[in-house]
Structures are given as structure tokens and as C-alpha cells.
Amino acid sequence: MVISITAMAFYGLIGFDQARLMPELLQDQYIQQILRFSLLQAAASAVLSVMLALPIARALHFMPELPARKAFLRFCLLCFVMPTLVLITGLVALLGRSGLMTGFMPNDWNLYGLNGILIAHLYLNMPLAVRVISQQLAHIPDTSWRLAQQLKLSRTQQFLKVEWPALKSSLLMLLGFVFVLCFNSFAVVLALGGGPGATTLEVAIFQALKYDFNLSEALTLSWLQFTIAGLIFALIAKLGKLNWLSADTHKQRWQPEFGQYSQRVHQGLYLLAWLLLALPIVALIPTLFKAQLKHLDFTLLFLACVRTIVIASTCALFATLLAWWLLIPIRQAQLRKNESGRIILQWLATHSLVAPAMVMSAGLYILLLPRVDLERWGWFWLILINTVLLLPFVIAQLKPRLLQYDQQYWRLSANLKLSGLGQLHTIWPFIRPAMLGSFVLALLLAMGDVAVFSIFGDNSWSTLPWLIYGYAGSYRMAEAALASLLLLALCTLLIVLFERKRLYEQ
């Protein structure tokens, strides 16, 4: 099924007759400008996110006595999986034309355009970089620090000789991963782009389909998006993988201490990071007080909340069950020591990472438009596409735990000749935390969907993220703040469950 969905999307991208116009469209200055801006904002966002995350991650690692350290790591996870439109609403309330801090900005300040896109991407991706870098620092062995002390290396020399070799490969991989996330960004650019001069490929695909109905342009942009994102994903896959979702189980070991001056600098950076990450959320609260509750349609808000939970839960449940089923042949290949077969099966199961959400949506939309009543069946394709897009994340979390079970208990289970139900009864207590954690992660990601809904959603009904976008687009910031806080509260409850129960394994 997973392969067929992707095949249908690519058939839609290939099969349209006007695809022959693609070489001519590639020479269009507007498309070239979109491509340049997409690459520029993604590269700048990736470099700034990693550069700013490095000192904060070092502070967290070398100063475990920092106040609310564990809460900050949880907050970092919340920031990364936070529905994008919640952040955008907070940034508009903070730095928009009538924002709380706009008066402290330069006279020519404008949130809309490259400024706002970079700030939003920094907020979303710097916390991811902090978690990744802090975990890599935790993997440096004690012997390296003890040897550095015996050689009387300075702090600069320790960074160059001990820390940098441990971080170098991860930083390169992290830069590529964040670049792809920003390159595929949709909601941020849609809301904060501010015009044709600040448009990315994802937003241009949406505009070509929904506003201009220019299928040739949509096809051209989709192929550009797929080609570039696919090449970078291939590079990331070759370099390795990022493990950033694990619970913080590191126990403090021996390591060098900062000097007094360095401690103060890193404490200041830590407090500044708290302030910068909390401000957009705090800015929603005073904006909320401006809401005229008597004119607010609470029924619409309630229905949007219910739809969001129902759709996201359905997608998460299907993705978790489908991931379990897809991992069965992968586990069997691992047990048979069939490495090449395992790699092929794993790639087939997670290949949707290569195709961004907008590319998948655009291909299927073009293919289904003359064949299916999308106004009636759009919800079905909305759930189906989101399920496929969630699979790589769910598989990445389930696979290690299932392979660990196979390594420890498979022979015993085979010798006992347990039935299918008996095997399930045996394996369930072992993998239950990972299953629940995978479901929570998928639910968080699905609740923030905007890209797929923008193509297959219906104007007659809305989810919370799309309702927030509608409120913000019509300058009803108080209503947008209320909807954003509601969505944020749902995500926060899931994050607390995610971290407190240690749902993810190293």
C-alpha cells in the first residue's frame, strides 16, 4: 500500500500532458527566484540554528546544576514538534506590526519576509540541535577528559582535541537535516513570507494548484522540490541518523568544569535561551485578553478541536499499526542475517522521507482531480497521505525495540512454539512503551499538519491549525491566540506523557 500511494503520486507528476513544458518553465525568472530563495533561507536557517545551539548544548552538558535543566530539554522537544501556526501566531503577537516588542525594533523592522522566516525556523530547529549536540557530548568517554587534564590542555585545546572530533560528523549531519526541514517548510513561509519575493517551492506549488490552477508550474516546482530534497536525504542517510527523541537518561560522569567567567557566560546564554523560546508563547496571553468572547464562535472552535484530535489520532493509529506490520519482514531479514534484503525492505518502508508532503499531495491531487470527487473524499486522502508521511518517524522509534526483543527472546519464543496470539502476549509488555511513544510522536506531528490539508482539506470544515491560519489571515489575532493556546495545551499534555513515562528507548 505504501509503495502504491507513492507510485500514484509520481504517476501524477509524470503523466500530465503539459509536463513537456517543464524545460521552458525552468528558464522562467520567477521560478529561478523561488529556487534561489528556498536554498538561501534553508541554508541560513540551518547554519544559524546549529551555531546558536552549540553553546547552549555545552552549557547544559557541562553545568548539570542549571535550574530547570530537565524542563528545558522537555521544552526543546515541545518547540520542535509544536504546530507551526501556534508559533507563527505568537511571533505575530510579539513582533508583528502591533506586537508587544515591535516598539523596541528598528524603524524599518518588518516581520514578514526573510526576517520572520529565519526567526520561526530558528525557534523550531534550534531546540532540535540542542538535544542532538548535548547527547553527542554525553557520549564522550571519561578517559578522553582525564587524558586532556593530565596533558594540561586549555579549554580551547580541549574543545579542539576532545569535543570537536566527537561533534564534527554529527554537526554535518545535523546541518543537512535542518536544511531539509527548512527547505520543505510550508506553513512558516505561507504565513510569514510576505509576498512573491519570499516564496519557497512548497508554497509556490500550493499557489499554483489552489489559486492559479497552473498544473505545468506545479509539476515543475514539484520535481525541483523532490530532486533537491531527495539528494539531501540520500546524503543524510549515508552519513547516519540522528537520535534526538530519547529520554534524557544520561547520568553525570567525570568531566571538566568551566571557569567562573565561562560559567557566567553559559548561564547567561541558558537564561537567554529560556527567554527567547518562552516569549512567543507568553505573548499569546495578553493578546488573548483582547478577544471578544461574546462574538466568538465556540462551536466552530470546539468542532475544529474535535476534528484535529480525530484525524490526528486516526493517522497516528494507522501509522503505528502499519509500521508494526512493515517491520515484520525487516525483522525476519535481520534474523536470517540477510543484510541486503533488510536494507531494501527498510528503504521501501521509509521511502516517503524522500518526497516532501507538498510533492506527494500535488502528485496525488493532479492524478485524482479528474477521477475522484475530492470535495467528498478529500478527508480520506488527507488521512491516507498523512499516515504514509508519518511512517518513517514511527518505524525509526519502533525498530530498535523490536530488534532488541528478537535478539533476546526470539530463540526462546521459537523453541516454545508459541502461536501468533501467544507471541503477541509475550512481546507486548516488552514493546508497549515504544508503541505508545511512537503513537504519541505520530499524534503530535499529525496535529500540526497544514501542507496536506491545504490541498485536500475542505473550506466547509477546518482543523485547529487551519482555523488558526484563517483567523490570523483575517487579522483576528485574539481568536488566533485562543485557538493556538488550545492546540498548544493539547501538545504539552502529550509531551509531558512522552518524557515522564520514558516512552522512547535509547
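Helix H4 and helix H12 meet through a set of side-by-side residues: Arg69, Ala71, Phe72, Phe75 and Cys79 in H4 are in contact with Tyr270, Ala273, Trp274, Leu277, Ala278 and Ile281 in H12. In this predicted model, H4 covers residues 69-81 and H12 covers residues 260-282, and their axes come within 11 Å of each other. The two axes cross at roughly 45 degrees, and H4 and H12 are therefore oblique to each other. The crossing of this pair is left-handed.

Helix H3, residues 29-62, packs against helix H6, residues 114-138, with the axes 6 Å apart. The angle between H3 and H6 is about 40 degrees, and this pair is therefore oblique. The crossing of H3 and H6 is right-handed.

Between H3 and H4 runs a loop, and Ala68 lies in it. The phi angle of Ala68 is near 55 degrees, a positive value in a residue other than glycine. Ala68 has a relative accessibility of 45% and so counts as partly exposed, since that class lies between the limits of 20% and 50%.

Lys337 also has a positive phi, near 60 degrees, and is likewise a residue other than glycine. Its place is the loop between H14 and helix H15, the latter spanning 339-350. With a relative accessibility of 74%, Lys337 counts as exposed, because the value is over 50%.

Helix H14 itself comprises residues 298-335, and Gln332 is found in it. Gln332 is partly exposed, with a relative accessible area of 41%. In sequence, 71 residues separate Gln332 from Leu403, yet in space their C-alpha atoms are 9.8 Å apart.

Leaving aside residues up to four places away in sequence, Ser361 touches Ile385, Val452, Ile455 and Phe456.

These details can now be set within the whole chain. The protein chain has 21 helices and zero strands. It contains 506 residues, of which 53% count as buried. The accessible surface of the chain comes to about 24,000 Å², and carbon and sulfur atoms account for 63% of that area. Among contacts between residues at least 6 apart in sequence, 83% join residues at least 24 apart.

Finally, the confidence of the prediction deserves attention. Over the protein chain the average pLDDT is 82, and 89% of the residues score at least 70. Over residues 246-250, however, pLDDT stays under 50. For that stretch the model has 15 contacts beyond four places in sequence.

Methods:
Residues are numbered from 1 along each chain as its sequence is written. This is a predicted model: local features need pLDDT of at least 70, side-chain atom pairs count only at pLDDT 80 or more; totals for chains, interfaces and linings use all residues. Side-chain values use heavy atoms; hydrogens and water are left out. Helices (H or I, at least four residues) and strands (E, at least two) are DSSP runs, numbered from the N terminus. Buried means under 20% relative accessible area, exposed over 50%, partly exposed in between (1.4 Å probe, protein chains only). Contact means heavy atoms within 4.5 Å. Accessible areas come from the Shrake-Rupley method with a 1.4 Å probe; for residues, only the protein chains shown count as cover. pLDDT is the predictor's confidence in each residue, from 0 to 100. Axes are lines fitted to C-alpha atoms, for helices over the stretch in contact, and angles run from 0 to 180 degrees between N-to-C directions. Angles under 35 degrees count as roughly parallel, over 145 as roughly antiparallel, 65 to 115 as roughly perpendicular and the rest as oblique. A crossing is left-handed if the near helix is turned anticlockwise from the far one by less than a right angle, and right-handed if clockwise.
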